[in-house]
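Visitor: Could you take me through one part of this model up close, and tell me what surrounds it and what holds on to it?

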Amino acid sequence: VSAFLLNRSSDLLVAEAQTVSAEQSIEERLRIALESAGIGWWFPYAYAQMLQESGGNPWAVNPNGLDHGLFQYRILYWSEPESIYDIGAQIRKYVSQVSARISAGLSIEEIISRHYTSDYVTAINWEYVGHVLSRMK
């Protein structure tokens, strides 16, 4: 049964990759991923957060050398099978985290803040939230 599930998961990833063309902008890929997850309304927040974290550069590296990519994931904790520089993997990880936080009933401010702090820090980092919200279109 587990081999079937692994093959099915792989099939789904291939199907997703085929629907998201490499020709599409990062902005469009992010929008499609959020809509596919049923949280398309989150796009303005996601886009603002991406701009805050990396300026939209999927190869961005924080001066500390530890945080990488569109959403500045800490390389020490990157557990995805794809490279941390894989744009699709970066977007999938972000959408998965946001979706889980929305399902948990967190507020917009909590969701934004926990990307910066972690799910273990419940206090809202208002300075970071303010920076993200100021980047909204």
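Guide: Let's start with what is tucked away: the buried residues of α4 are I87, G88, A89, Q90, I91, K93, Y94, V95, V98 and R101. Buried here means under 20% relative accessible area, exposed means over 50%, and partly exposed is in between, with a 1.4 Å probe and protein chains only. Helices are DSSP runs of H or I with at least four residues, strands are runs of E with at least two, and both are numbered from the N terminus. Bear in mind that this is a predicted model: local features need pLDDT of at least 70, side-chain atom pairs count only at pLDDT 80 or more, and totals for chains, interfaces and linings use all residues. Residues are numbered from 1 along each chain as its sequence is written, and side-chain values use heavy atoms, with hydrogens and water left out.

So what covers those buried residues of α4? The cover includes α2 (26-36), α3 (43-54), β2 (73-74) and α5 (108-116), where contact means heavy atoms within 4.5 Å.

Now the helix itself. α4 runs over residues 87-103, and at 1.5 Å a residue its 17 residues should span 24 Å; the end C-alpha atoms are 24 Å apart, which agrees. That expected span is 1.5 Å times one less than the number of residues. At the start of α4, D86 puts a side-chain oxygen within 2.9 Å of the backbone nitrogen of G88. Just after α4, G105 has a positive phi of about 85°.

Two salt bridges are worth a look here, a salt bridge being a side-chain nitrogen of Lys or Arg within 4 Å of a carboxyl oxygen of Asp or Glu. K93 pairs with E80, with the closest N and O atoms 3.2 Å apart. K93 lies in α4 and E80 in the loop between β2 and α4, so this pair ties together parts that are 13 residues apart in sequence. K93 is buried, at 14% relative accessible area, while E80 is partly exposed at 28%.

R92 meets E82 in a salt bridge too, at 3.0 Å from N to O. R92 is in α4 and E82 in the loop between β2 and α4, so the pair links parts that are ten residues apart in sequence. R92 counts as partly exposed at 27% relative accessible area, and so does E82 at 24%.

For context, the structure holds five salt bridges. Elsewhere, E27, E28 and R31 are linked in a network of them.

Definitions and conventions:
A polar contact is a pair of N or O atoms within 3.5 Å; within protein, one must be able to donate a hydrogen and the other to accept it, and residues adjacent in sequence count only if both atoms are side-chain atoms.
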